[in-house]
Amino acid sequence: MRSLRARITLLATGLAAGVSLVLLWLAWTLVGDAVAAVPQMPPGTVVRVDGVDVDAAALATHLRDHARDKMLLAGTIAFCCVVLATAILAWTFTSRVLRPLRDITGTARRLSVESLGERIGEVDARGELAELAQTFDAMLDRLQSAFEAQRHFVANASHELRTPLSVIRTELDVTLADDQADAAELRRMAGVVRDATERANQLVGSLLLLARTDGAGLVVTEPVDLAALVASAWRAVSGEADQRGLKTTFHVEPAWTTGDPALLERIAGNLLENAVRHNVDAGWIEVTTQAGEQWSTLRVRSSGGLVDPQTVDELFEPFRRAGVARTARHGAGLGLSIVRAAVEAHDGLVAAEPVVGGGLAVTVRLPATR
């Protein structure tokens with residue numbers, strides 16, 4: 001900051017010195033021209049100037065030199081005063097002007113992950129510096145939100161991974177401590193361990209998919225029909241839906257959009273998986289695809305437990321489930337988070353609303369392609 005202050009002071013002083021020198025040269029020239037216009041005296045006449053006898057023929061030259069000397073003396077004194085005053089004023093005012101920058105720099109140096117709550121606030125300045133301070137504070141707000149979300153996400157991910165690992169360790173410890181364990185007991189333990197590892201594998205896969213979609217650009221873009229995605233995704237969960245006696249209704253029509261087929265299929269797949277797994281036995285599911293001028297729409301409505309309208313938006317946060325315990329066997333609570341990230345990667349919109357009597361309706365709108 002001192003280096004910037006010194007450079008500004010030197011620049012202002014240099015400009016003042018340059019302008020003063022130009023003015024001094026103009027004054028010197030004008031004085032010479034003005035004295036040259038003195039009328040000529042008859043030859044042989046002697047004129048006394050400042051106590052000095054001067055021949056009339058040399059009067060003009062003497063007056064010009066004398067005026068220029070006086071002007072140079074006064075001009076030099078004025079030049080030194082102007083340059084000195086400019087340097088002092090530039091150094092002083094630059095300090096005041098750069099004070100908000102010092103505040104911003106000091107705040108930036110004090111910041112760390114633990115002190116992101118500090119802000120610059122109002123600064124004693126207007127214009128660009130005030131705008132810079134506001135922009136810096138807004139950036140800190142976004143960083144603080146990102147770090148808090150990251151801490152929350154890591155804590156939840158650790159909790160979710162700890163559950164299957166704890167199950168595996170408990171089963172192994174109990175079985176190893178039983179000297180009389182037979183083949184049936186070992187097979188039971190192996191089944192529990194397999195289920196726990198499968199859940200951990202699903203969670204890790206969901207985390208990797210969320211990391212791929214959240215804030216990332218699209219690698220592949222091609223026309224995709226949402227109706228075809230629904231048909232493909234439904235085949236993966238239709239068996240589970242039949243086992244639970246779910247009544248399904250499909251109102252699908254070709255609805256084209258452009259994007260990554262794998263991510264778009266994951267949108268449809270996650271919505272249908274949630275509709276089946278978070279449903280009630282003998283419940284219902286309605287799936288609709290619709291083409292529009294601007295948007296291609298995919299809507300999945302299903303019965304299920306009661307959902308508080310105030311907490312619907314929270315379902316799109318990682319590890320949030322509608323009416324399902326955190327230790328639920330199926331699902332990692334990342335389904336709707338992945339849906340939101342994938343939809344936003346395609347410049348689309350997603351919204352959810354509770355169904356009267358219990359259940360959830362999720363609507364996805366993606367840019368239409370003709």
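**Notes on the predicted model**

1. Aspartate 281 pairs with arginine 244 in a salt bridge, with 3.1 Å between the closest N and O atoms; a salt bridge here is a side-chain nitrogen of Lys or Arg within 4 Å of a carboxyl oxygen of Asp or Glu. Aspartate 281 sits in the loop between H7 and S6, and arginine 244 in the loop between H6 and strand S4 (247-251), so the pair ties together parts that are 37 residues apart in sequence. Aspartate 281 is exposed, at 56% relative accessibility. On the terms: buried means under 20% relative accessible area, exposed over 50%, and partly exposed in between (1.4 Å probe, protein chains only).

2. A word on the ground rules. This is a predicted model, in which local features need pLDDT of at least 70 and side-chain atom pairs count only at pLDDT 80 or more, while totals for chains, interfaces and linings use all residues. Residues are numbered from 1 along each chain as its sequence is written, and side-chain values use heavy atoms, with hydrogens and water left out.

3. Now the overall picture. The protein has 8 helices and 9 strands; these are DSSP runs numbered from the N terminus, helices (H or I) having at least four residues and strands (E) at least two. Of its 370 residues, 34% are buried.

4. The structure holds 8 salt bridges. One of them joins the side chains of arginine 266 and glutamate 273 (2.9 Å, N to O). Arginine 266 is partly exposed at 27% relative accessibility, and glutamate 273 is also partly exposed, at 21%. Both belong to a salt-bridge network of Glu240, Arg266, Glu273 and Arg277.

5. Another bridge links aspartate 173 with arginine 169 (3.8 Å, N to O). The two are 4 residues apart in helix H4 (residues 128-177), which means a separation of about one helical turn. Aspartate 173 is partly exposed at 44% relative accessible area, whereas arginine 169 is exposed at 60%.

6. Do look at the largest nonpolar core, which has 35 residues. Such a core is a set of buried Ala, Val, Leu, Ile, Met, Phe, Trp, Tyr and Cys residues joined through side-chain atoms within 4.5 Å. Ile267, Leu271, Leu272, Ile285, Leu298, Val300 and Val364 touch the most other members. Elements giving two or more residues to this core include helix H7 (261-277), strand S6 (284-291) and strand S9 (360-367). H7 gives the most, with 8 residues. Leaving aside residues up to four places away in sequence, isoleucine 267 touches Val339, Ala342, Val343 and Val364, where contact means heavy atoms within 4.5 Å.

7. Most residues other than glycine have a negative phi. Alanine 282, however, has a positive phi near 65°; this residue is in the loop between H7 and S6 and is exposed, with a relative accessible area of 60%. Aspartate 347 also has a positive phi, of about 60°. Aspartate 347 lies in the loop between H8 and strand S8 (349-354).
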